[in-house]
Amino acid sequence: MSKKIEIEIKCPYCHIQNKGERWDFIDTRSNPELKTAVRSGEAFIYKCPSCDTPYDVDAPFAYFEPEKKFFLMYTNNKEDYEEALRVLKGEEESMLSEVRAVLDEILTDETYAKRLVFGRDELFEKLTLLDHGLDDGIMELLKIAYGQKIASRRNGDVAAAVTGKGTTTYAQSGTGKKTPEFDYLRFFLDDETKIGCLYLMKDNKRIAKLNTSRVVYNQVLERYGAEVHEREKNQVEINFRWAFDLLQADREKQMAAWE
Ligand SMILES: [Zn+2]
């Protein structure tokens, strides 16, 4: 059962404090309509009763879509992220009885994906991948492959190209146009064509896009699929660090095979 909690919230427009509600746990069995509302962002909109202005309330919540065997915890600050990580690792119980009941059932069930995300664009990325039957671990490897391509054109290192940390990341595109500096890559559907692409993100905004192809995705899947699925079991943070660890382990395995 989904669960709402009461909140005291100060309107950013009229600055009047009001009582309201927001979703703390979304279970698509009891509220199938929230599947769409979460993806459109409508589920997070609160309408101020004093001035009638709708605005977005960004707060942590848990999301359960059992038909897809998918459970996700959304956070937007460090403290909540670390707490959610402990909950998903089974080191701590969730404060919410509804979430506790679900986790009791699925936490050790390897057929369920359990994910922890930070920030809205990571949330929407995971849901886009889920909706299109794409694996997020494969996608993280794909990002490294594209990052490598970008980095090789600028003698940059891959970590910098994928995360934007460290050296400045630029790239020359095929047409010789400079790809702008970016922080990280995110998979979304192109706004116009609705085809999957990797957006170059800067300050949480999409600044450019790289076209990806299903062919390349399938190549990565074929090469790393078995290992990805093995390593996704009981892992909740599927991100670039996770993908780097996998590639590192894979390299060591290859080298050991030569000895
Ligand atoms: Zn207001």
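Predicted model: local features only at pLDDT ≥ 70, side-chain atom pairs only at ≥ 80, totals over all residues.
Visitor: What makes up the chain in terms of helices and strands?
Guide: The chain has 8 helices and 12 strands. Of its 259 residues, 25% are buried.

Visitor: Why is Ala59 called partly exposed?
Guide: Ala59 has 18 C-beta neighbours inside 10 Å. A residue needs 20 or more to be buried, and 12 or fewer to be exposed. The value of 18 falls between these limits, so Ala59 counts as partly exposed.

Visitor: Where does Ala59 lie?
Guide: Ala59 is in the loop between β4 (54-56) and β5. The C-alpha atoms of Ala59 and Tyr74 are 8.1 Å apart, and 15 residues separate the two along the chain.

Visitor: Which residues of helix α2 are buried?
Guide: In α2, residues 78-88, the buried ones are Ala84, Val87 and Leu88.

Visitor: What covers the buried residues of α2?
Guide: The cover includes β6 (70-75) and β7 (113-118). Just after α2 comes Gly90, with a positive phi of about 80°.

Visitor: Which residues have the most contacts inside the largest nonpolar core?
Guide: They are Ile26, Phe61, Ala62, Tyr63, Met73 and Tyr74, in a core of 22 residues. Elements giving two or more residues to this core include β2 (17-27), β5 (61-65), α3 (97-106) and α4 (120-131). Helix α2 is also among them, as are β6 and β7.

Visitor: What does Met73 touch?
Guide: Leaving out residues up to four places away in sequence, Met73 touches Ala62, Ala84, Leu88 and Leu116. Contact here requires C-beta atoms within 7 Å. There is also a second, separate core of 19 residues, including Ile150, Tyr184, Phe187 and Val228.

Visitor: In what order do the strands of the open sheet stand?
Guide: The order is β10-β11-β12, with antiparallel pairing.

Visitor: Why is one side of β10 and of β12 left without a neighbour in the sheet?
Guide: β10 (184-189) and β12 (205-211) each have a single partner strand, so they stand at the edges and one side of each has no neighbour in the sheet. From one strand to the next, the twist averages 40°. Helix α4 packs on this sheet and touches β10 and β11; the directions of α4 and β10 make about 45°.

Visitor: How do you know that β11 and β12 pair?
Guide: Pairing takes at least two bridges. Strand β11, residues 196-202, is joined to β12 by 6 bridges, so the two strands count as paired. One of the partners in β12 is Ala208, which bridges to Leu200. Lys202 stands opposite Lys205 in β12.

Visitor: What lies between β11 and β12?
Guide: The two strands form a hairpin with 2 residues between them. Asp203, in the turn, has a positive phi of about 50°.

Technical notes
Residues numbered from 1 in each chain as written. Helix = DSSP H or I, 4+ residues; strand = E, 2+ residues; numbered from the N terminus. Contact = placed C-beta atoms within 7 Å. Core = buried A, V, L, I, M, F, W, Y, C linked by C-beta atoms within 7 Å. Axes fitted to C-alpha atoms, helices over the stretch in contact; angles between N-to-C directions.
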